[in-house]
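Colleague: I am new to this structure. Could you take me through it step by step?

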Amino acid sequence: MASIRDPGSSLDALLDRNVAWAQAKRRDDPTYFERMAGPQSPRYLWIGCSDSRVTANDVLDLDPGQVFVHRNIANVAHTSDMNLLAVLEYAVAVLKVEHVIVCGYGCGGIERALGDERTALVDYWLQPIVMLYRKHRALFDGLPDALARLNRMCEINIEMQVRRVAATPIVENAWVAGRRLQVHGWIYGTEDGLLRDLGPTLASLEERDALPSIDERVQHPVEPRSSLRRHAIEAFAAPRD
Ligand SMILES: [Zn+2]
């Protein structure tokens, strides 16, 4: 199995790499840092997992300046999390992003929520997922194997977090003001690097309020749009210029 490119354990090596990177950037694109020193105007807010393997700019193939990012373990939107709320408010009210993307995948955080160990702070963090699992344990445990359970919980978690983001007054106020703002639920395939639009995609209070509850969603799974292997990027209604 190929290993991840290892910069070694020395911090000096990291600083050396930084110098080489900045020089290469300047050589390939002489005005790069001039542009980056200007104001940012990203069109997207990405809410993803802290996992070191999935970085928004890389998987979206976007340059710095094009996507505003919030990450935490298992991409959870706690509606009392000042960090998330401040990022969301700044992105929506100041940067005026048009798309909020909650993106997840079957990661260690979700795996942990499906287990029995409850000994660390992360278990408090994962509580909404844990409780959902315990409430519907028979359904989840009835799935064919651990991978199916992990994938299903990953999808449900994304759906739950999209609902929570859409329930914040920040998003509500933008919609009430007639702002064009979509909240998306996406899933990332670690096995092929592809993003898929899992849904729901919400653009109004009416759409949000018409959604079935997350419990209903667990009990009556619908075929996710991800199974169509539709690339998530196609979900954007606006042209990407
Ligand atoms: Zn994760």
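Modeller: We begin with pLDDT, which is the predictor's confidence in each residue, from 0 to 100. This is a predicted model, in which local features need pLDDT of at least 70 and side-chain atom pairs count only at pLDDT 80 or more, while totals for chains, interfaces and linings use all residues. Residues are numbered from 1 along each chain as its sequence is written.

Colleague: What is the mean pLDDT of the protein chain?

Modeller: The mean is 90, and 90% of the residues reach 70 or more.

Colleague: Where does pLDDT stay under 50?

Modeller: That happens over residues 226-241. The model has 20 contacts beyond four places in sequence for this stretch; two residues are in contact if their C-beta atoms, placed from the backbone, lie within 7 Å. Where pLDDT is low, the predicted coordinates should not be read in detail.

Colleague: Let us turn to the sheet. What is the order of its strands?

Modeller: The order is β2-β1-β3-β4-β5, in an open sheet of five strands with mixed pairing. Strands (E, at least two residues) and helices (H or I, at least four) are DSSP runs, numbered from the N terminus, and two strands pair if DSSP finds at least two bridges between them. The edge strands, β2 and β5 (195-197), each pair on one side only.

Colleague: How many bridges join β1 to β2, and how many join β1 to β3?

Modeller: Strand β1 (residues 44-49) is joined by six bridges to β2 (residues 67-72), and these two run parallel. In that pair, valine 67 is the bridge partner of tyrosine 44. Four bridges join β1 to β3 (residues 99-104), also in parallel, with leucine 45 opposite valine 100.

Colleague: And which residue of β4 stands opposite isoleucine 101?

Modeller: Histidine 184 does. Strands β3 and β4 (residues 182-188) pair in the parallel sense over six bridges. Helix α9 (residues 146-166) packs on the sheet and touches β1, β3 and β4; its direction makes about 160° with that of β4. For such angles, axes are lines fitted to C-alpha atoms, for helices over the stretch in contact, and values run from 0 to 180 degrees between N-to-C directions.

Colleague: Is β1 buried or exposed?

Modeller: Six of its six residues are buried. A residue is buried if 20 or more other C-beta atoms lie within 10 Å of its own, exposed if 12 or fewer, and partly exposed in between, with C-beta atoms placed from the backbone.

Colleague: What does isoleucine 47 contact?

Modeller: Leaving aside neighbours within four places in sequence, the contacts of isoleucine 47 are His70, Asn75, Ala77, Val100, Ile101, Val102 and Val165.

Colleague: A change of topic: where does alanine 91 lie, and what does it touch?

Modeller: Alanine 91 lies in helix α4 (residues 82-94). Not counting residues up to four places away in sequence, alanine 91 touches Leu45, Phe68 and Val97. Alanine 91 is buried because 24 other C-beta atoms are within 10 Å.

Colleague: Lastly, which residues are buried in α7?

Modeller: In helix α7 (residues 127-135), Ile129, Leu132 and Tyr133 are buried. They are on the same side of α7 because they cover an arc of only 100° around the axis, the arc being that of the directions from the helix axis to the C-beta atoms. On the other side of α7, Met131 and Arg134 are exposed.

Colleague: What covers the buried residues of α7?

Modeller: The cover includes α5 (108-113), α8 (137-141), α9 and α12 (214-219).
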